[in-house]
Amino acid sequence: MSYQFKPSWLVSSFFFFLILGLVSLGLWQLNRANEKISLQYMIDQRSNLDLLSLNMPFEEFAPYQLVQATGQYRTKDSILLDNIDYQGLHGYYLITPFEILASRSVILVNRGWLPQDKSSKDLPSFKTPKGIITLEGHLNYPHSKPDLLRNASNPLSATPPLWYYMDIEFFSQINGYSALPLMLKLNSNGQTNTLASTPIPTEEIEPSLIKDWPKYDSNSGEHLNYAMQWFASALFGLLLYLSLSFKKQRRLRQ
């Protein structure tokens with residue numbers, strides 16, 4: 001018994017678009033994996049660079065870069081960023097603007113996580129180092145707006161200094177001075193007394209602050225697994241198409 005390839009136009013059209021879609025999804029996942037691998041490599045590279053001093057003239061600075069800055073906090077303009085969870089507990093990020101000496105530029109400093117009080121209506125108090133100090137940390141983008149607040153145009157809550165999300169442009173408008181577009185995430189023990197090169201006095205340090213910054217994980221392997229699944233589905237679709245398209249051919253009797 002012989003077989004002949006006799007696909008119908010309807011079956012061929014269906015499987016053509018099905019396989020094309022599955023292959024496209026696989027290629028998209030491969031592209032996502034490559035993007036994340038490149039981002040992971042860039043972060044690792046910048047994390048190993050020497051500290052960049054924000055007090056010295058520089059042409060540009062980039063996210064994930066390690067930096068150092070000398071200046072003083074503008075404590076009165078501190079804000080608490082809402083909707084930040086840490087190990088299952090609700091709390092806030094403490095954001096304080098920092099005026100850099102010489103350039104007089106201002107950068108927002110994420111000083112760490114503060115736990116919420118028993119009552120959400122009572123915002124936590126905090127201490128701030130005084131005088132001229134030196135900070136060390138890494139640059140990063142502002143904390144993104146939560147999906148639940150995508151339609152909210154104003155980040156400021158009805159109970160200052162609580163903010164629903166970080167908007168540097170809005171912060172600059174209401175405070176009357178510009179802030180740099182990236183934030184500085186403060187390292188643990190990343191504050192020193194500039195003049196004496198000694199740690200900040202204990203009474204000026206907020207003990208509740210936690211600076212446990214999560215390391216970036218590209219998770220590229222997950223995208224590669226998804227890509228293999230889409231390609232395997234495309235191969236299965238091709239084999240199914242071939243099995244449906246080959247017809248048994250009857251022999252004519254002599």
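What volume does the largest pocket have? In this predicted model, the volume of the largest pocket is about 420 Å³. Its lining comprises 14 residues, and those closest to the centre of the pocket are Ser 47, His 138, Pro 214, Lys 215 and Tyr 216. Three elements, α1 (9-47), β7 (133-140) and β9 (183-193), each give two or more residues to this lining. The largest share comes from α1, with 4 residues. By residue class, the lining of the largest pocket consists of 6 nonpolar, 5 polar and 3 charged residues.

For the second largest pocket, a volume of about 160 Å³ was computed. Strand β9 supplies the largest share of the lining here, 7 residues. The residues that line the second largest pocket are Leu 186, Asn 187, Ser 188, Asn 189, Gly 190, Gln 191, Thr 192, Pro 199, Ile 200, Ile 205 and Lys 211. They divide into 4 nonpolar, 6 polar and 1 charged.

Technical notes:
Residues numbered from 1 in each chain as written. Predicted model: local features only at pLDDT ≥ 70, side-chain atom pairs only at ≥ 80, totals over all residues. Heavy atoms only, no water. 1 Å grid on protein atoms, 1.4 Å probe; cavity = no way out; pocket = protein on both sides within 12 Å on 5 of 7 lines; lining within 4 Å. Points joined across faces, edges and corners; volume = space filled by probe spheres on them. Nonpolar A, V, L, I, M, F, W, Y, C, P; charged D, E, K, R; others polar.
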